[in-house]
Amino acid sequence: MGVDWAAMEVVFSLEFWRMAVLWTLSLLFSYVQLLRPSPSFPRRRFSPDPASRVKRPICVVTGATSGLGRAAAKALAGEGYHVVLAGRCPQLLSKTIEEIKQQHGDARLNAFQVDLSSIHSIMKFESSLKQWLLDSNLHPSIQLLINNAGMLAKSLRVTVDGFDQMLETNYIGAFALTNLLMPLLKSSTVPSRIVNVTSFTHRCASGVGVDKDTLARKNLCCLSTSKKYPLAGTYEYSKLCLLLFSYELRRQLCVMDPTCTVSVIPADPGAVETNIMRELPPCLSQLAFLVLRFLHLLQSPECGVDSILDAALAPPEASGKYFFGGKGRTIKSSSLSYNEKLAEKLWSASFLLFQEAKCRVPKSAGT
């Protein structure tokens with residue numbers, strides 16, 4: 001049997017050991033926090049107001065064709081939501097809809113193709129979603145947005161927007177989509193919500209910049225001491241950015257309009273057996289799952305989705321809490337994630353890059 005040199009190269013890299021050691025410790029630290037007293041919030045089912053035009057809440061789930069996204073879409077369809085599945089592959093979207101309808105025959109489902117690593121694609125999705133609401137004679141609003149799409153890339157790939165693909169998929173795309181759909185969330189006649197799916201790996205990120213150059217890929221090498229692509233560091237950084245964005249967005253919504261009924265909640269599913277490590281050699285991803293399973297830390301998507309559902313169905317006063325561990329439980333995220341000055345700087349840089357990317361999109365993109 002030949003030697004798997006690709007696997008050997010990964011094993012002897014600092015990034016591998018960063019994931020193997022630091023990520024495991026970060027996960028264990030999160031579970032230890034569950035032992036401390038912290039707020040927990042029960043799930044609440046949607047109860048339509050007879051006077052409201054919103055009879056069935058609409059939920060948008062990104063990355064809805066596999067793993068946690070598919071599990072969330074299936075569960076929320078069972079909760080009575082009209083679920084909009086957003087994903088890159090039309091075939092997988094159709095397959096996922098069929099699977100959900102087999103379990104929930106009365107499910108209301110729609111699918112839209114979108115690539116979170118393309119501002120052009122995100123803008124087309126926004127336009128298509130608005131047109132669908134209009135054509136369906138539905139209230140021009142959505143009640144729930146779950147930013148779930150994510151990836152773990154093995155190498156640097158630059159998108160058409162000029163960003164690192166992993167960073168754009170995991171953070172910049174979510175930032176853009178949330179801002180584009182904000183008018184639909186704000187126009188809801190019932191309280192609406194944004195759930196950002198983050199990760200315990202954000203705890204490993206430290207001493208990183210959130211300036212425009214770093215976000216624009218120019219200085220991503222600063223996330224690693226080696227010259228190779230810092231896949232672990234970039235993933236951690238993207239999840240920290242998503243968390244900083246979550247807290248800053250909540251602050252901005254509260255400051256701009258104290259009566260605003262849009263809540264923002266980050267959710268951490270923990271270690272889940274999904275295909276996120278598909279770019280790594282199969283023997284290594286299987287080994288990682290084996291170790292996590294031995295430590296009783298690995299969950300199936302159907303179990304791991306609990307924290308996401310807790311965040312989606314929690315009462316409004318849970319806004320800004322960090323959901324982890326299921327059963328409605330919350331813990332504290334890293335101290336760095338609560339840095340307001342860092343969050344403000346990240347917001348400003350992200351917004352500038354988003355506006356620049358929008359300007360490069362052909363005018364016909366949104367039609």
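**Close-up 1. Residues around the second largest pocket of the predicted model.** Arg44, Phe46, Tyr81, Pro191 and Ala314 lie nearest the centre of this pocket, whose lining is made up of 19 residues. The pocket has a volume of about 370 Å³. Sorted by class, the lining comprises 11 nonpolar residues, with four polar and four charged ones.

**Close-up 2. Secondary structure elements contributing to the pocket lining.** Strand β5 (192–197) supplies at least two residues of the lining of the second largest pocket, and so does helix α11 (306–313).

**Close-up 3. Pairing of β5 with β6.** The strands β5 and β6 run parallel and are joined by six bridges. Within this pair, Arg193 stands opposite Ser263 of β6. β5 is also one of the elements that supply at least two residues to the lining of the second largest pocket.

**Close-up 4. Burial of strand β6.** Strand β6 spans residues 262–268 and is mostly covered, with seven of its seven residues buried. On one side are Val262, Val264, Pro266 and Asp268, and on the other are Ser263, Ile265 and Ala267. Both faces of the strand are covered. Ser263, which is buried, is the residue that Arg193 stands opposite.

**Close-up 5. Pairing of β6 with β9.** Strand β9 (residues 322–324) pairs with β6 in the parallel sense, over two bridges. Here Asp268 stands opposite Phe324 of β9. Asp268 is buried, on the side of β6 that also carries Val262, Val264 and Pro266.

Note on methods
Residues numbered from 1 in each chain as written. Predicted model: local features only at pLDDT ≥ 70, side-chain atom pairs only at ≥ 80, totals over all residues. Heavy atoms only, no water. 1 Å grid on protein atoms, 1.4 Å probe; cavity = no way out; pocket = protein on both sides within 12 Å on 5 of 7 lines; lining within 4 Å. Points joined across faces, edges and corners; volume = space filled by probe spheres on them. Helix = DSSP H or I, 4+ residues; strand = E, 2+ residues; numbered from the N terminus. Nonpolar A, V, L, I, M, F, W, Y, C, P; charged D, E, K, R; others polar. Buried < 20%, exposed > 50% of the residue type's maximum accessible area, 1.4 Å probe, protein only. Pairing = 2+ DSSP bridges.
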